[in-house]
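Please open the model in a viewer and follow the stops below in order.

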Amino acid sequence: MCGIVGFTGHVQAAPILLDGLSKLEYRGYDSAGIAVRDGDKDPVVVKAKGRLAILSEKTDGGHAVAGTCGIGHTRWATHGEPSELNAHPHCSEDNFVVGVHNGIIENYQELKDKLVKKGYVFYSQTDTEVAVKLIDYYYHKYNVGPIDALAKTMVRVRGSYALEVMFKDYPGEIYVARKDSPMIIGVVPGEKEDEGETYVASDVPAILKYTRDVYYIGNLEMARLRKGEVTFFNLDGETVDKPVTRIEWDAEAAEKGGFEHFMMKEIHEQPKAVADTLASVVKENGVDLSETGLTTELMRSIRQIHIVACGSAYHVGAVGQYVIEDLARVPVRVELASEFRYRNLLLDPDDLVVVISQSGETADSLAALREAKGRGVRTLAIVNVVGSSIAREADHIFYTLAGPEIAVATTKAYSAQLIAVYALAMGFAQARETITADRAAALAEELKALPDKIERILSEQERIQWFAAKFSNARDVFFIGRGIDYAVSLEGSLKMKEISYIHSEAYAAGELKHGTISLIEDGTLVIGVLTQKDLFEKTLSNMVEVKSRGGYLMALTTYGNYSIEDTAEFTVYVPKTDPCFAASLAVIPLQLMGYYLSVARGLDVDKPRNLAKSVTVE
Ligand code: G6P
């Protein structure tokens with residue numbers, strides 16, 4: 001996820017661009033850059049690796065860069081490590097087209113190969129450079145205007161984009177195109193012609209200081225920005241009328257996209273985080289792990305997989321164990337990184353150590369990775385932050401594409417990590433031929449359906465809000481489940497305790513009677529997770545045991561299992577999917593439950609006490 005800004009007007013652009021970018025830093029930052037044009041001169045491009053402050057220092061807060069028309073970008077790497085070279089803006093030869101982009105061009109490799117054959121040379125690893133050069137190619141090949149060149153590019157490109165470009169032949173103008181990535185445009189008309197200003201950005205906070213009247217550009221639409229003027233176009237190049245929307249939120253609320261907390265915003269970003277991560281590996285007939293460097297031969301030779309992680313990432317590992325063993329028939333051991341590193345390990349050279357980490361900086365996970373490497377064992381990192389320590393040091397990398405996560409309690413990174421372990425399970429299963437081609441294709445279809453199913457669960461969040469309000473004074477809550485339902489219970493329980501401060505524990509449903517059941521009192525809330533058809537009756541029996549001791553039952557199961565209402569006092573249903581992928585759906589109501597309990601208790605949802613987002617001490 002990245003942030004983009006643009007400005008054309010009659011005052012110096014660079015300070016405005018930097019100011020706008022500073023409001024978008026919540027979208028992630030590992031490098032930044034601007035391109036500014038002074039009249040019809042060539043654009044001046046300045047980039048810097050690291051935080052925006054470095055770019056600001058390099059340009060004296062923007063004052064050192066002359067010109068009144070420019071574009072800017074703060075990057076959160078997805079393709080290519082964070083570096084000055086990979087930072088945006090990107091340019092075609094002679095700076096003919098210069099552009100910035102937020103989103104992911106899925107077929108960039110195929111387009112790049114095509115452009116290389118046409119003589120284009122590439123200097124960066126980014127998908128954005130490909131998009132910019134493709135626009136340049138169409139502009140020259142067909143000798144058309146900017147809008148036609150953009151439209152031709154949009155037809156060829158697959159993926160998501162909020163794209164801003166400047167063309168050498170069109171000084172003072174910015175052209176934009178959008179699909180699935182956010183983009184808004186603000187226009188401040190001048191007193192006289194040529195005195196107006198036009199702004200563009202990924203999000204409202206970047207321009208709120210200048211105007212509260214914004215246009216939302218639609219999917220697969222383009223726009224031409226001139227001073228104090230914007231014209232919208234559809235893919236056919238026809239002009240489109242747009243209404244102006246008045247922004248009533250304050251600046252802080254705007255940064256959260258209208259949500260009250262980052263956690264809720266991130267919960268709602270899960271369909272996209274899942275879809276983006278899926279798009280990077282799931283193909284028609286299954287999963288393609290070639291980008292990670294895990295070859296078929298290698299996957300066939302692995303004797304055992306050790307998944308090592310902390311916190312929620314460890315819970316992803318717990319799900320992974322069931323799914324990988326089930327589909328690929330490879331033994332999997334899941335361990336807490338803090339335990340793994342200090343154990344007298346029994347590792348075989350044919351083992352694979354998989355470290356899962358959102359930040360890629362968790363001290364224990366990094367140390368576990370180094371321990372495994374030191375013993376000559378192959379390592380794979382499932383990481384969200386590109387260029388982080390764990391990503392740099394692992395032999396193989398699988399990047400989750402969740403975008404930056406701000407709330408301490410992880411939600412969308414957890415969901416994206418689940419996709420990564422499913423992909424791993426399927427990759428191994430395909431390589432080791434433990435599933436048929438038909439099953440692989442059917443599983444791929446199930447995976448692709450997950451984002452819409454998550455969306456459906458989110459549309460019913462009010463029921464959970466109501467239930468959470470009822471239990472906001474609970475003292476203890478227990479989660480029970482078997483198999484994958486147990487693994488997802490671990491995460492549900494963690495979500496609850498970390499942000500609502502209510503004591504909660506997750507138990508393998510069959511284990512409850514070996515001690516913990518003595519804690520059940522009249523009215524103790526017990527949440528049973530029952531998504532696994534084969535285990536439904538078993539967990540149900542354990543719920544009945546709890547009920548007869550006074551427990552208050554909430555059930556989380558799939559649509560169709562309506563008989564559960566004879567036993568449970570309150571039931572939440574999630575859509576059906578393949579049992580292997582059920583955690584992706586079951587976790588959503590549990591995240592919402594934790595969130596709403598925290599809100600009902602008036603707590604600091606995004607920054608719970610005593611916790612940190614990235615734990616870099618052991
Ligand atoms: C912290 C966070 C958790 C996270 C854990 C591991 O405790 O609060 O949400 O799961 O660290 O972090 P990582 O960045 O390695 O996934």
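Select Asn143: at 70% relative accessibility, this residue counts as exposed (over 50% relative accessible area; buried is under 20% and partly exposed in between, with a 1.4 Å probe and protein chains only). Asn143 sits in the loop between α4 (127-141) and α5 (146-156); helices are DSSP runs of H or I with at least four residues, strands are E runs of at least two, and both are numbered from the N terminus. Its phi is near 50 degrees, a positive value in a residue other than glycine.

The model is predicted: local features need pLDDT of at least 70, side-chain atom pairs count only at pLDDT 80 or more, and totals for chains, interfaces and linings use all residues. Residues are numbered from 1 along each chain as its sequence is written, and side-chain values use heavy atoms, leaving out hydrogens and water.

Next, select Tyr501, in the loop between α17 and β24 (503-508). Tyr501 also has a positive phi, near 60 degrees, and is partly exposed, with a relative accessible area of 22%.

Now display α17 (residues 484-500) with α19 (residues 582-600): their axes come within 8 Å and cross at roughly 20 degrees (lines fitted to C-alpha atoms over the stretch in contact, with angles from 0 to 180 degrees between N-to-C directions). The two helices are therefore roughly parallel (under 35 degrees).

Finally, select His88 and Pro89, which are joined by a cis peptide bond with omega about -5 degrees. Pro89 belongs to the loop between β4 (69-75) and β5 (90-91).

Note on methods:
Parallel < 35°, antiparallel > 145°, perpendicular 65-115°, else oblique.
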